[in-house]
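This report describes the strand pairing in one model. The sequence and structure are shown first.

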Amino acid sequence: MADNKPMAAIGSYEMALPFQAVGVKTVILTPENRGTFEKVLEQLAREDYAVVFIQEDLFVEFTDKVEEINDKYNTSVLPVPGPSGATGAGLASIRGSVEKAVGMDIFAER
């Protein structure tokens with residue numbers, strides 16, 4: 001029997017709204033409450049969320065906390081583009097994770 005662990009999304013209203021539409025728990029961060037990101041992420045990880053999607057700019061700003069959560073908990077923290085578009089941080093993160101898992105960069109141009 002498969003585990004049905006919850007998923008969450010943290011970011012701006014524009015980024016999180018589509019996730020909310022499909023039943024994913026959303027946490028809206030505004031410039032005023034952006035400082036709560038680390039606390040919110042830690043709480044979701046402690047509550048055993050399987051996946052937490054975060055806006056790319058949060059991923060870049062709080063990379064150390066994201067890495068800590070990925071190492072300490074069974075929660076996968078994945079960056080997604082925000083309203084201003086992709087920055088490349090998400091692809092770089094996936095590339096690094098795959099390289100770490102298989103021991104080489106399988107996405108490298110040859």
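## Strand 1 and its sheet

In this predicted model, Met7 has Val51 of strand 3 standing opposite it. The two strands concerned, strand 1 and strand 3 (residues 51–55), are paired in the parallel sense, with four bridges between them.

Strand 1 also pairs with strand 2 (residues 25–28), again in the parallel sense and over four bridges. Here Ala8 has Lys25 of strand 2 as its bridge partner.

| Pairing | Sense | Bridges | Residue pair |
|---|---|---|---|
| Strand 1 with strand 2 | parallel | four bridges | Ala8 with Lys25 |

The sheet as a whole is open and has four strands, in the order 2-1-3-4, with parallel pairing. Strand 2 and strand 4 (76–80) are its edge strands, each of them pairing on one side only. On average, and with direction ignored, neighbouring strands of the sheet are turned by 20° against each other.

How much of strand 1 is buried? Of the five residues in strand 1 (residues 7–11), four are buried, so that the strand is mostly covered if buried is taken as under 20% relative accessible area.

Helix 2 (residues 37–46) lies across strand 1, strand 2, strand 3 and strand 4. Relative to strand 1, helix 2 runs at about 175°.

Key: Residues numbered from 1 in each chain as written. Predicted model: local features only at pLDDT ≥ 70, side-chain atom pairs only at ≥ 80, totals over all residues. Heavy atoms only, no water. Buried < 20%, exposed > 50% of the residue type's maximum accessible area, 1.4 Å probe, protein only. Pairing = 2+ DSSP bridges. Axes fitted to C-alpha atoms, helices over the stretch in contact; angles between N-to-C directions. Contact = heavy atoms within 4.5 Å.
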